[in-house]
Amino acid sequence: MKQYIIRRILISFVVLFGVSIMLYTLVRLMPSDFVDLATANDMHITEEHKQKLRELYGIDKGIIEGYVSWLGGALQGDLGMSLYFKKPVSELIVKYMPVTFAVAAISLVLQYAIAVPLGILAARKQYTKTDYAITVLTFIGISLPIFFFAVVLRTVFSEWLRILPSSGMLTARATYNGFTFAKLMDYLWHLAMPITCFVLTSVGGILRYTRTNMLEVLNMDYIRTARAKGVPENKVIHKHAFRNTLIPLVTMIGGSLPGLFSGAAITEGLFALEGLGNMALTASYNSDVPYLMGFNMFLAVMTLLGTLLSDILYAVVDPRVRYS
Amino acid sequence: MNNNLTSENNNNDFLGEDLDKDQVILSPGQMVMKRFIRNKLAVVGIIILVFMALFCFLGPLFTEYNQTSLFYLVRITDETTGEVTEFEINGKELNAVRQQYKDQKPFILANMRSAPNSKHLLGTDNLGRDTFTRLMYGGRISLVIGFCVVIVEILIGVTLGGIAGYYGGKVDMVIMRLVEIFYAIPFIPLMLIISAVMIQMKISPNVKIYYIMLIMGLIYWAGVARMIRGQILSLREMEYMQAAEAAGIKPAQRIFKHLIPNVMPIIIIIGTMDLGGIILTESTMSYLGVGVPVTQASWGNMVSEVQQLQNALMLHWYMWVPPGLCILFTVLAFNFIGDGLRDAFDPKMKR
């Protein structure tokens, strides 16, 4: 197992290396570089100045050389300077990650809390009206464009009913001393709509998955045996069947990790939350490529971590799985 | 499967006639078709899709409006009586109207955000363009992009996935690492970078769509390749493949004549499901302003007009609800059909 994990991590580095080369090349494809852009409105700038700035940003060299020095910096946690935000990218990521992470974590928990029971219910009542209703709702959730749903929510809850704030993180004029309960509630009140949006548009996939797996398990011989033995139906479902459905579900948690972070770009933008994703949107409108690159690398690391995590979890839940 | 049974029974006089009458011989394709038709949701999906296709591709033939035609309101005040007359004109007639009413000093303004009426079934948008007409053109873009991207991703995905699965070993290793690299790059954030690059390169909006299609296809192929590889890996071990090898058939022919037809169902299912996903992603990108350029109507663009509405979302529902619902229903239709196909192709399905 240990050996397997080490090997996987080594492979992950190779993949990350590939990702970073791709992104770096893409970034350097731009005809005008960061310095030209950043100094476009500065009339007093001289060519010498620019050259100095280029050295500072590490883009005075060719693509390969530049990549090597970028990589050197990145390995030491230095992802370069953000053009638009005028701060080191790594500092920005650390600063704005908590919001993104909090929304992602709450959404993840809610998604599973809704998807698993409903998925089991749908599987138990296969081909009944309940099943059809759940299936149709699931598909609507999968097919719902998140931005459209966000606008609908905003229209209903903040424009019509006026019970939820339409955007932002905290009530504008409220002041809090330290982190109090009231402040927490204010956060939650503001995050209610983004989280709903997030949960309802991505709950479908997990629900569908739960249902399919549960159906498969329910058709197994040992379930029939349990029923024939006279085990109460509830026990059959929860103890015999559900535990085996759990295996693929657990592996899905790892897989959904990166999606939660990359999906943030949309939700955060829609509700003006100060998180990584919203920053990425601002960055893209202002061609702030160092930030975008740092953000993407961060997401790539998350994706690889997620897959690794799901493979490890797989072995933890299912004792039959042995990696060598 | 019924073929053998019935022909044997034909020779058997007293049983044969009965069975012959009741039994309809179905080819595997027909069986899939039958199972598919029986799936209500899938049929609903087909109906929605046919309707959407007719609406988007034939609809524009029945309207003289264009996706870019602007509409204006002309207000003329009679100097003597103070009577105000107001009428709407198409942008094309603007100069003519100006000439015609030169003396009356007409007050001309864009017919913005007008409510639905007989001339504009769904009203007009922020710039005074007809929403209903733009809905048709927007659908065209979405559907065309969807199909093009699916074709690109399947061409690349099936080729590379097929090669990886068939040859295994080092080739497989390299291709699968490549798949992982593409998997590790999240799509929307990557699109943000590409869009920033495209803005800087000053790529013309008309060409931008083709780039978007190509890039989406280039990114989405990884998922297809992974699925196809898995399938090919198991098919490769089948006896008929050994037979093909023993018969001395060339590898290329073995792949394209023997393996690919067997992964066809999966390709069709992935294609259908991805169509929905691609339309959804494209509309999200257009909403964020990094997809279809604003010069062309697209459902995502149309919903994004709400960003200028501030607190009048409810008042101007006709501007953003129809395109949103169009996306929802189209994607829903593709998902229903994809799910129906998956069930229909699955021989284990009993119903």
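A residue is taken as buried when its relative accessible area is under 20%, as exposed when that area is over 50%, and as partly exposed in between, with a 1.4 Å probe and protein chains only. The structure is a predicted model, in which local features need pLDDT of at least 70 and side-chain atom pairs count only at pLDDT 80 or more, whereas totals for chains, interfaces and linings use all residues. Residues are numbered from 1 along each chain as its sequence is written, chains are lettered from A and ligands numbered from 1 in the order in which they are written, and side-chain values use heavy atoms, with hydrogens and water left out.

With a relative accessibility of 16%, Arg8(A) counts as buried. This residue belongs to helix 1 (residues 2-28) of chain A, where helices are DSSP runs of H or I with at least four residues, numbered from the N terminus. When residues up to four places away in sequence are not counted, Arg8(A) touches Thr307(A), Leu308(A) and Asp311(A), contact meaning heavy atoms within 4.5 Å. Elsewhere in chain A, helix 11 (residues 264-271) is largely enclosed by the rest of the structure, because seven of its eight residues are buried. The buried residues of helix 11 of chain A are Ala264(A), Ala265(A), Ile266(A), Thr267(A), Glu268(A), Leu270(A) and Phe271(A), and the helix is followed by Ala272(A), which has a positive phi, near 50°.

Over all chains, 13 aromatic pairs are found in a search of the whole structure; rings of Phe, Tyr and Trp (its six-membered ring) pair if their centres lie within 6.5 Å, and planes under 30 degrees apart count as stacked, over 60 as edge-to-face and the rest as tilted. One of these pairs joins Phe51(B) and Phe55(B), which are stacked at 6.4 Å centre to centre with 10° between the planes. Both residues lie in helix 4 (residues 40-58) of chain B, four residues apart, or about one turn of the helix. An α-helix has 3.6 residues a turn, so residues three or four places apart point the same way. In chain A, ring pairs link Phe17(A), Tyr24(A) and Tyr67(A) into a cluster.

Between the chains, 46 residues of chain B are in contact with 47 residues of chain A. The buried area, defined as the accessible area (1.4 Å probe) that two parts lose on being put together, summed over both, is about 4300 Å² between chain B and chain A, and carbon and sulfur atoms give 77% of it. Ile193(B), Gln200(B) and Met314(B) supply 15% of the area that chain B buries against chain A, more than any other three residues. The count of salt bridges between the two chains is one, a salt bridge being a side-chain nitrogen of Lys or Arg within 4 Å of a carboxyl oxygen of Asp or Glu. Arg208(A) forms a salt bridge with Asp339(B), with the closest N and O atoms 2.9 Å apart. On the side of chain B that touches chain A, the largest share, 11 residues, comes from helix 13 of chain B.

Methods
Helix = DSSP H or I, 4+ residues; strand = E, 2+ residues; numbered from the N terminus.
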